[in-house]
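Good morning, colleagues. Please look at the structure as I bring it up, and keep both the sequence and the model in view while I speak.

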Amino acid sequence: MADEVTFSALSDATVAATLHQELLAKLGDRHSLWGHPAIYYAGSVNGTGSNVRKFTLWGADLAPMAAVSDGSSASNTAIGSYVGSGSVTVARQALMFTSTDLAGMTWGFSPATLVEKIAESMATAAKRRFQALLCDIVDGFTTTVGSSGVDFSVTNWFSAKAALQSASAPGPFLAILHPQQLNDLQASLRAETGPMQFVPATAELMALKGQGYAGMFDGVDIFTSSQVPTANAGADRAGALMSYGAVAFADGLVTPQVAVGGIAIGSGPIYVEIERDAGMGANKIVGNYFVGVSKAQDLMGVSIITDS
Amino acid sequence: MAFTTSSTSTASHLSPQPAQPPQATQEVLPAYASEHPYFTLLYHPLRWGWLSGRWLPILRKLSLTPGSQNVDKQGDPSMAIAIESQQGWVAVPHTVLPGEDYVVAYAARGGLAHFSRWEKLKLLGGRLTTSSDEHGYADYLERVCARLGWTPDPDVVEGRITALEAECVQDEAAAPTDVKAAHRAKLARKVIDAMRASLQPVEEPVVEDTVIPSPRRKS
């Protein structure tokens, strides 16, 4: 037997590889607490004359009454110590891709074009940027629990919660932990006895609360993020347990300038445009997001600094 | 600027040119610069902890990223530091110890990625791993504290010991059924003892009484 029609015999009638018509998500941390009610919205800077948004912390109702003897005049109370403020500075965050026409015309995934597919990714990019700004804050609460080089434990958890309760921080609470800290907490919980239970995230809950939702423990929603910062020169990670309202953000909306050219996709805080560069034979896809995040009230959060 | 192109072209010249590696093969850290921004460390008198067997401040990072914690649109941290200082935070100058900036930078994707000087980076099979020189960092902090005159407030120290002791007691209670808690309790007890020992006043060296010769009587 000879001259069978084998695959190798087809030679020029075959190709080295073909693309499967599906884009598989590359592994990565896409989670963001963007839009979560725990983060206080301090408003938009549009039309305010400043890129800094200031908010007032009003506590006149915390001024204590005191006993005054009959017939005596009450003395004035200075209101200054019962009124405070916080501020958020809004700045530009951006991302740009330049896609050449040749890349676009050979793009083999339908129905979206390459430009559309890149433009779609801008929303996730902006939300991840928000998460990075949020995680910048969690190591910065004055109150800390945990010991450097020691794994996070359920005992640390209760110390953090006790610190918040001692400061009269109102619930509900929210935890943002590095994945390693969550692993350590779960390892510590495995040995606990009694009614305490970690309620892991289900598919339904993750659909509602996002990829980073890890579950609930002790009535607190726990979110993980790989963007939780290091502490003590990389020896530790610094997550946080905090009340709703411990952190604030502000943003600004781009006013569409349609006459200038280009195509604006969508509206809202994340502004995506496609700019044509005919000389280059390319399209520029630009996403802009104007946002700022900062601490609102220090005592409403506790930094959890434990081994990384 | 990174372009998405389906192919690259190479220019041909007859005269030889020094070889240049293509941009894609230039060695940079497999990390994005924007995820490792430049930072300044901040100190707070309430944040002290036990690092490498010493009482040292637990500093925090202020990322100099516009929009983060009131860092201005050009990356100017002045307002951010002013706001933080109202809450008791103090910026640690990068040159507090001459020639020993606590931030180092590496070429990475999209620019420079910044790390603590004591974070040791390693590439293993193309993956970036980090470890920390904890003792080196503690030594540095000790010298910074000596230079800036920072010492822990006794009440802060006592509060940290009390908190650790409370956790240790809980772990000791759980020890019979929880091996990890027993291990934690044992370690914590050692640390607490070391913390307490560090608070003992240093005993002055005993100086033997020297006999002071009585002044001679004038005859």
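H20(A) is exposed, because there are 9 other C-beta atoms within 10 Å of its own, and a residue counts as exposed at 12 or fewer. H20(A) sits in the loop that runs between α1 (7–10) and β1 (39–44) of chain A. From H20(A) to M216(A) there are 196 residues in sequence, and the two C-alpha atoms lie 38 Å apart in space.

Is I79(A) buried or exposed? I79(A) counts as exposed, since it has 11 C-beta neighbours inside 10 Å. I79(A) and D61(A) are separated by 18 residues in sequence and by 10.0 Å in space, C-alpha to C-alpha.

I turn now to chain B and to a pair of its helices. Two packed helices are described by the angle between their axes and the distance between the axes. In chain B, the axes of helix α3 (residues 154–174) and helix α4 (residues 179–199) come within 8 Å and cross at roughly 155°. Angles over 145 degrees count as roughly antiparallel, so α3(B) is roughly antiparallel to α4(B). The crossing of α3(B) past α4(B) is left-handed. By class, the contact between α3(B) and α4(B) comprises 12 nonpolar, no polar and 7 charged residues. Among the residues of α3(B) that take part are V157(B), I161(B), L164(B) and E165(B).

Next, the contact between the chains. How many residues does the contact take from each chain? Chain B provides 46 residues and chain A provides 43 residues. On the side of chain B that touches chain A, the elements giving two or more residues include β1 (3–4), β11 (127–132), α2 (134–148), α3 and α4 of chain B. α3(B) gives the most to that side, with 5 residues. The residues on that side of chain B divide into 16 nonpolar, 17 polar and 13 charged.

Finally, a word on confidence. The predictor gives the complex an ipTM of 0.87 and a pTM of 0.85. Chain B has a mean pLDDT of 86, with 82% of its residues reaching 70 or more. Where pLDDT is low, the predicted coordinates should not be read in detail. Thank you for your attention.

Terms used: Residues numbered from 1 in each chain as written. Chains lettered and ligands numbered in written order. Predicted model: local features only at pLDDT ≥ 70, side-chain atom pairs only at ≥ 80, totals over all residues. Axes fitted to C-alpha atoms, helices over the stretch in contact; angles between N-to-C directions. Helix = DSSP H or I, 4+ residues; strand = E, 2+ residues; numbered from the N terminus. Parallel < 35°, antiparallel > 145°, perpendicular 65-115°, else oblique. Left-handed = near helix turned anticlockwise from the far one by under 90°. Contact = placed C-beta atoms within 7 Å. Nonpolar A, V, L, I, M, F, W, Y, C, P; charged D, E, K, R; others polar. Buried ≥ 20, exposed ≤ 12 C-beta atoms within 10 Å, placed from the backbone. pLDDT = per-residue confidence, 0-100.
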